[in-house]
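This briefing is meant for someone opening the structure for the first time. Please look over the sequence and the coordinates before reading on.

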Amino acid sequence: MIATPNRTVLACLLLLLASTSWNLLAEPKAKQKTATQSSSAVSNDSYMGLSGEELWSNNCMRCHNIRPPTMYSNAQWDVIVHHMRIRANITGQEQRAIVEFLKAAK
Amino acid sequence: MKIHRCLVAIIQIALVMAWPVARAQEPTTDGYVTRKEYEKLKAQMLAMKQELDALKQENAAVSKQASVESHAVADIHKEVAPKQENAESEASADMHKEVTATTTPSVAELEASLLGTTKFLVAGWAEGMFEARNGNVSTFSASFNPIFLWEMTPKLLFDSRLEIEPSGGGTNVNLVNAQISYLLNDYMVLGVGEFFSPSNVFVERFEPQWINKLPDRPLAVYHGVLPNISVGAQVRGGFPIGPTRANYAFYVANGPTLNTFDARTAGTLDFNSYTDNNDDKAVGGRVGFLPIPGVEAGYGFETSKPGFQGTKFADVRDLVQSVDLAITRDSDLLKGRINLFAQYAWSKIDHAVYDPDGSLGFGPLPLTAKRDGGYAELAYRPTKLDNDFLRNLEMIFRWDHLSREPSGLGDPEETRWTLGLNYWLSPSTVVKAAYEWDKPAGQRNKNALFFQTAMGF
C-alpha cells in the first residue's frame, strides 16, 4: 500500500469520528425497546433477539432504502429475499424470519 | 253488523210494500186481515227470520274463518320467513364457502404456478443521465438493466443481469452476470457462473444506480484497482458469533490479464478479460464483520498469475486487497439517517521487465507496479422531519482517489470531490443532481455537472 501519512491520518480520523459519534447519534434506548416490542407483535419469529421486521430493516438498509412489504406478492418476496440472502450473506434463519415478516405485514 | 241491519231493513220494507199488494190480491170484506192471511204472513216472516239467522250464522262463520285464516297465514309467515331467510342465508354461506374453498387455492396455485412450480421475477433498474464535463461534449445517456431471477426450487436460484444501452448508431447489450446458486445449508451457499466479484463490496452491493447515491461511480473500486466481475465458482454465507455476526465469500475464477503491450497500461491488470489466459486460477474472497446492526467492516483480496501462459510474464503474481466500512444509523438528534460508506484498495504486481528488447517502442521498462485508491462517502437524509418534501431530500458528499506507482506512467493521479443532492420519489426512484471537482495531476480540470434519474424495480 502506498498511502501517504496524510491519507492514513485521514482514515484514522474518519474511524475515530465514526466510533465516537456512534453513541451521540444513537436512538434513545426507550425508543429502541418500543420499536422492538411493536415489531415482535407482527412476527414472533426471532433470530439473535431480533424480530423479522428488525432483520428486514437492518439488513436491507445496510445498502439501500427498504421497500414496503406490499410492493411485491408473497411469491415475489420469496425470490427477492432468496436473491438478497446470497448477495448480502445473511443466514437461512434470517431469510425465513424476514420472509415471514414481509408476508405477515401485508 | 251493518250488513245485518241492512238486511233487516230491506225485509221490513219488502213486507210493508208487499202488504197492500197482498191485500189487493185477496178480496176482503171490511178492510181487516183474515185469519188465513195472518197465518200466511206469519209463516212467511218466520221463514224469512230463519233464513236471516242462517245468513247471520253463515256470515259470522265466514268472518271467523277469514280471521283464523288471516292469523294462521300471519303465524305461518312469521314462522316460515325467518327459517326461509336462515335457510337462504345458510345456503348462500355454504355456496360462498364452496366457492371460496375452490377459489382460494386456485388463486394461490395460479400465483405459485404461473411458470409451473418455479418462481420467476424480472427485477432491475433503469437510468437516464445528463453529464456536462469540462473538456468533453455534454451528453445524455440511458441504460436499462434487467435482472432475471429464477427460483427453480427453494434452494436453487439462477440470477442474471443484462446491461442494455444506446451507443453510437445502435444498442449495446452486455451480459453482466449469470450465476446458478445452491443453498447448501443455513450458513453456506455455492455459486457457479459469472458473478460480481466478492472481493469488491462496492460492485456487489452499491453499484446499481438506484442504490449508488451519486450519478457516477467512485475511482479505484469501480473499473480500477479491483475486479468487478469474475467467472468461476464461489462459496459464501453468514453466521453468528455470539451477539455479533460475520460473513464470508471465497472464490476461484479466471482472473485478470496483465497488460504488457503499451507503455500507458504496462503493469496494470485488465479485469474485463473474462476468459483465462493460463491454467492458474485467481483466488479471492472477502470476510465481513458486523459488531452491531448497521455497522459492517470487511477485508477483501484476490491473487493470481495474470501473465499469458508460456511467456516470461507467466510467473508474475499479483495481489489486490481492499478494506471497507459501511455504517447506517438513524439519529433522533439529527432527525434523520446517516450513511457512511468507505472503501480503500491497493494492488501490487511482482517485478517484471516490460518490452525488454524495445520492440514495442517503450522498453526495456523494469517496474514493480502498484496502484491504490478508494472513496469515502457521507450521506444524510432527514427522514424524521414532518415535512414530506424535506424528508425526501438527501445530501451526499464524496471523496475518491486513484494513484499509481511509479508515477508518470499511465493515468495520472486523480482526486475528486463531489457534492450531490437527491430527491426520492419512492424508496427506489431517485432524481440526482451533483457537481464534481476533478483535477487530474498535470492536466486541466475535468469538473462535471450531472443530472440523473434512476428507478429500481
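What follows goes through chain A, its contact with chain B, and then some parts of chain B.

The structure is a predicted model, and every value below is computed from it. Chain A has 106 residues, of which 32% count as buried, and 33 of its residues are in contact with 50 residues of chain B.

**Chain A as a whole**

- Chain A contains five helices and two strands, and, when read along the sequence, these elements follow the pattern α-α-β-β-α-α-α.

**The side of chain A that touches chain B**

- Where chain A, through 33 residues, meets 50 residues of chain B, the elements of chain A that give two or more residues to this side are helix H1 (5–25), helix H3 (52–61), helix H4 (74–88) and helix H5 (92–105).
- H4(A) gives the most to the side of chain A that touches chain B, with nine residues.
- By residue type, this side of chain A divides into 17 nonpolar, eleven polar and five charged residues.

- H5(A) is built of 14 residues and reaches 20 Å from its first C-alpha to its last, which is close to the 20 Å expected at 1.5 Å a residue.
- Several residues of H5(A) are buried, namely Glu94(A), Gln95(A), Ala97(A), Ile98(A), Val99(A), Phe101(A) and Leu102(A).
- In general, an α-helix has 3.6 residues a turn, so residues three or four places apart point the same way.
- The axes of H3(A) and H5(A) come within 8 Å and cross at roughly 105°; angles of 65 to 115 degrees count as roughly perpendicular, and H3(A) and H5(A) are therefore roughly perpendicular to each other.
- On the H3(A) side of this contact are Gly52(A), Glu53(A), Leu55(A), Trp56(A) and Asn59(A), which meet Glu94(A), Ala97(A), Ile98(A), Glu100(A), Phe101(A) and Leu102(A) in H5(A).
- Divided by type, the residues of the contact of H3(A) with H5(A) are six nonpolar, two polar and three charged.

**Strand S11 of chain B and its partners**

- Strand S10 (residues 282–290) of chain B runs antiparallel to S11(B) and is joined to S11(B) by seven bridges, with Gly285(B) standing opposite Phe301(B) in S11(B).
- The hairpin of S10(B) and S11(B) has four residues between the strands, and in this hairpin Gly294(B) takes a positive phi near 95°.
- Ten bridges join S11(B) to strand S12 (residues 318–331) of chain B, and these two strands run antiparallel, with Ala297(B) standing opposite Leu325(B) in S12(B).

**Met152 of chain B**

- Met152(B) is found in strand S2 (residues 139–153) of chain B, where, not counting residues up to four places away in sequence, Met152(B) touches Thr118(B) and Phe158(B).
- Met152(B) has 15 other C-beta atoms within 10 Å and is therefore partly exposed, since a residue counts as buried with 20 or more such atoms and as exposed with 12 or fewer.
- Met152(B) and Arg317(B) are 165 residues apart in sequence and, C-alpha to C-alpha, 40 Å apart in space.

Definitions and conventions: Residues numbered from 1 in each chain as written. Chains lettered and ligands numbered in written order. Predicted model: local features only at pLDDT ≥ 70, side-chain atom pairs only at ≥ 80, totals over all residues. Contact = placed C-beta atoms within 7 Å. Nonpolar A, V, L, I, M, F, W, Y, C, P; charged D, E, K, R; others polar. Expected span 1.5 Å × (residues − 1). Axes fitted to C-alpha atoms, helices over the stretch in contact; angles between N-to-C directions. Parallel < 35°, antiparallel > 145°, perpendicular 65-115°, else oblique. Pairing = 2+ DSSP bridges.
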